[in-house]
Amino acid sequence: HEVWEGFRFWDLVMPLFLFMTGASMPFSLSKYIGTTGSYWPVYRRILKRVFLLFIFGMIVQGNLLGLDATHLYLYSNTLQSIAVGYLIAAVIQLHFPFKWQVGITLLLLLVYWVPMTFLGDFTPAGNFAEQVDRCVLGRFRDGVFWNEDGTWSFSPSYNYTWMWSSLTFGVTVMLGAFAGKIMKEGKENRKGVVRLLLLLGIVLIGVSLLWSLQMPIIKRLWTCSMTLFSGGLCFLLMGLFYYWIDYKGHTYGLDWLKIYGMNSITAYILGEVVNFRCIAASISYGLEQFLGNYYSVWLSFANYLIVFFILQMMYKHRIFLKI
């Protein structure tokens, strides 16, 4: 990941998770949107998903399995950002027409922008989002370290923010929801869908680069410029894949994507929690003398290869773990 300002290829992984969560929402919430009946059934499902994603996030990165309250982190993981962004986007889509959805999404950017601009700077220690995290999460924030005398301090090297950045998490999910709406309503004109997705991607990237002159692209803060820049890249990727698969009908050799896609949360949790590198090392330690520094690369590859085989077996037996 980029250390602070800027954007690297790996920084797109987390925005893609949130964007794709939003892209599926117009399809999954379609029977509830605009209804005048009770919203309790859908909110029960939404709150269940939010709760489970938070628990899984605490397992992956919150040290929940350590059974040590002094090292328990409440909000520190991609899954939890998905949960919050999903909740924000669900409320917006369930209760507001499309024009209002666009307006509220822009309002979220504005609300995030004002204190970040006028109540701090964009340095790791001086930004407003950092102060919010320290105040709200306290010792339950990731990056806290404990001293021998039982006191704790914030680590100066940990500068990811979550609480205030939840606003822009919601924006990223809403951008995905807009893309999903375009695809859902454009089945009869798929060429037009491709054009619109690509055009919006270019526009978002252009706006983000202009905005970055005032608010830098900083993934660790999920700044407005980063939100629009990564969202623009997501739109471009969505447009390219939609063109190749849905418009042109090319599906040969792409079935392996379904294996990951149908169990994406399972893949993420397995890859982060279970150390399959140990299995790989147990049966391939003899390769270390030949691979040298590349041996660790092999272990990482083998780790996710084992995850893929597990997912492949689940896919073959139609086992899909959904939240």
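**Close-up views: aromatic pairs and cysteines**

Trp-298 and Phe-301 lie three residues apart in helix α13 (residues 295-316), so about one helical turn separates them; helices (H or I, at least four residues) are DSSP runs numbered from the N terminus. The model is predicted: local features need pLDDT of at least 70, side-chain atom pairs count only at pLDDT 80 or more, and totals for chains, interfaces and linings use all residues. Residues are numbered from 1 along each chain as its sequence is written, and side-chain values use heavy atoms, with hydrogens and water left out.

**View 1. Aromatic pair Trp-113 and Phe-118.** The whole structure holds 20 aromatic pairs (Phe, Tyr or Trp rings, the six-membered one for Trp, with centres within 6.5 Å; planes under 30 degrees apart are stacked, over 60 edge-to-face, the rest tilted). Trp-113 and Phe-118 are edge-to-face, at 5.6 Å centre to centre and 80 degrees between the planes. Trp-113 is partly exposed at 21% relative accessible area, while Phe-118 is exposed at 58% (buried is under 20%, exposed over 50%, partly exposed in between; 1.4 Å probe, protein chains only).

**View 2. Aromatic pair Trp-298 and Phe-301.** This pair is tilted, with 6.1 Å between centres and 40 degrees between planes. Trp-298 is partly exposed, at 28% relative accessibility.

**View 3. Aromatic cluster.** Phe-54, Tyr-75, Trp-162, Phe-169 and Trp-222 make up one cluster.

**View 4. Cys-224.** Cys-224 is buried at 0% relative accessibility. Its closest cysteine sulfur, in Cys-234, is 16 Å away, too far for a bond. The count of disulfides (cysteine sulfur pairs within 2.5 Å) is zero.

Terms used. Helix = DSSP H or I, 4+ residues; strand = E, 2+ residues; numbered from the N terminus.
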